[in-house]
Amino acid sequence: MASANPAAAAGAAAQRDELAESLADLFTNVSLMVRGELQGTNNQLALLEKMNDRVAQEYSNYGDVAAGLRVFVEQLNEKNQGFEEYVSQIDAIDRQVTEFEAVVSMLDKHVGLLEKKVKSAYHISSSTQ
């Protein structure tokens, strides 16, 4: 029986060593799996960070464009205000031209009447001679 006990003890020790190896492999594999998942998460976070940086840069560029457009619009407004004087002068000239055209039209009608009177007076004087 003593010989059976050492064999049983050796068999139990072998099973414990096999169980210990299996547990060590399990922990190693679980550790590798967790590391892989964490690495994947780290990669996703790094990609997200790069995307955020790119979007922030793009929005910064939009801000620069908007600031440039604001300056451009302010310059256009200043130029437009400078033209207001010229626009009012053009409007005044337009009114004067319209008035002048009305006077010319009246003079043209008056000249036409005078021409008729002169022609009729010329015809009357030529027929009496």
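Helices here are DSSP runs of H or I with at least four residues, numbered from the N terminus. One of them, helix α1, covers residues 4-128 and includes Met 33. What you're looking at is a predicted model, where local features need pLDDT of at least 70, side-chain atom pairs count only at pLDDT 80 or more, and totals for chains, interfaces and linings use all residues. Residues are numbered from 1 along each chain as its sequence is written, and side-chain values use heavy atoms, with hydrogens and water left out.

**Surface patches**

- A patch is built from residues with over 30% relative accessible area and no salt bridge; like charges are joined within 9 Å, and nonpolar side chains (Val, Leu, Ile, Met, Phe, Trp, Tyr) within 5 Å.
- The areas come from the Shrake-Rupley method with a 1.4 Å probe, and for residues only the protein chains shown count as cover.
- Leu 19, Leu 23, Leu 26, Phe 27, Val 30, Met 33, Val 34 and Leu 38 make a nonpolar surface patch of about 760 Å².
- Is Met 33 buried or exposed? Met 33 counts as exposed because its relative accessibility is 51% (buried is under 20% relative accessible area, exposed is over 50%, and partly exposed is in between, with a 1.4 Å probe and protein chains only).
- There's also a patch of negative charge on the surface, where Asp 17, Glu 18, Glu 21 and Asp 25 gather.
- For charges, Asp and Glu count as negative and Lys and Arg as positive, while His and the chain ends are not counted; the place of a charge is taken as CG of Asp, CD of Glu, NZ of Lys or CZ of Arg.
- Asp 17, from that negative patch, sits in helix α1.

**Aromatic pairs**

- How many aromatic pairs does a search of the whole structure find? The search finds two.
- Tyr 59 and Tyr 62 form an edge-to-face pair, because their ring centres are 6.0 Å apart and their planes are at 65° (rings of Phe, Tyr and Trp, using its six-membered ring, pair if their centres lie within 6.5 Å; planes under 30 degrees apart are stacked, over 60 edge-to-face, and the rest tilted).
- Tyr 59 and Tyr 62 are three residues apart in helix α1, so about one helical turn separates them.
- Tyr 59 is exposed at 57% relative accessibility, while Tyr 62 is partly exposed at 48%.
- Phe 83 and Tyr 86 make a tilted pair, because their ring centres are 6.3 Å apart and their planes are at 55°.
- Phe 83 and Tyr 86 are also three residues apart in helix α1, so they're about one helical turn from each other.
- Tyr 86 is partly exposed, with a relative accessible area of 47%.

**Salt bridges**

- The structure has two salt bridges (a side-chain nitrogen of Lys or Arg within 4 Å of a carboxyl oxygen of Asp or Glu).
- Arg 54 and Glu 58 join their side chains in a salt bridge at 3.3 Å, N to O.
- Both Arg 54 and Glu 58 belong to helix α1, four residues or about one turn apart.
- Arg 54 is partly exposed at 46% relative accessibility, and Glu 58 is partly exposed at 27%.
- Arg 70 and Glu 74 meet through their side chains in a salt bridge at 3.0 Å, N to O.
- Glu 74 and Arg 70 are likewise in helix α1, four residues apart, about one turn of the helix.
- Glu 74 counts as partly exposed at 39% relative accessibility, and Arg 70 is partly exposed at 49%.

Terms used: Helix = DSSP H or I, 4+ residues; strand = E, 2+ residues; numbered from the N terminus.
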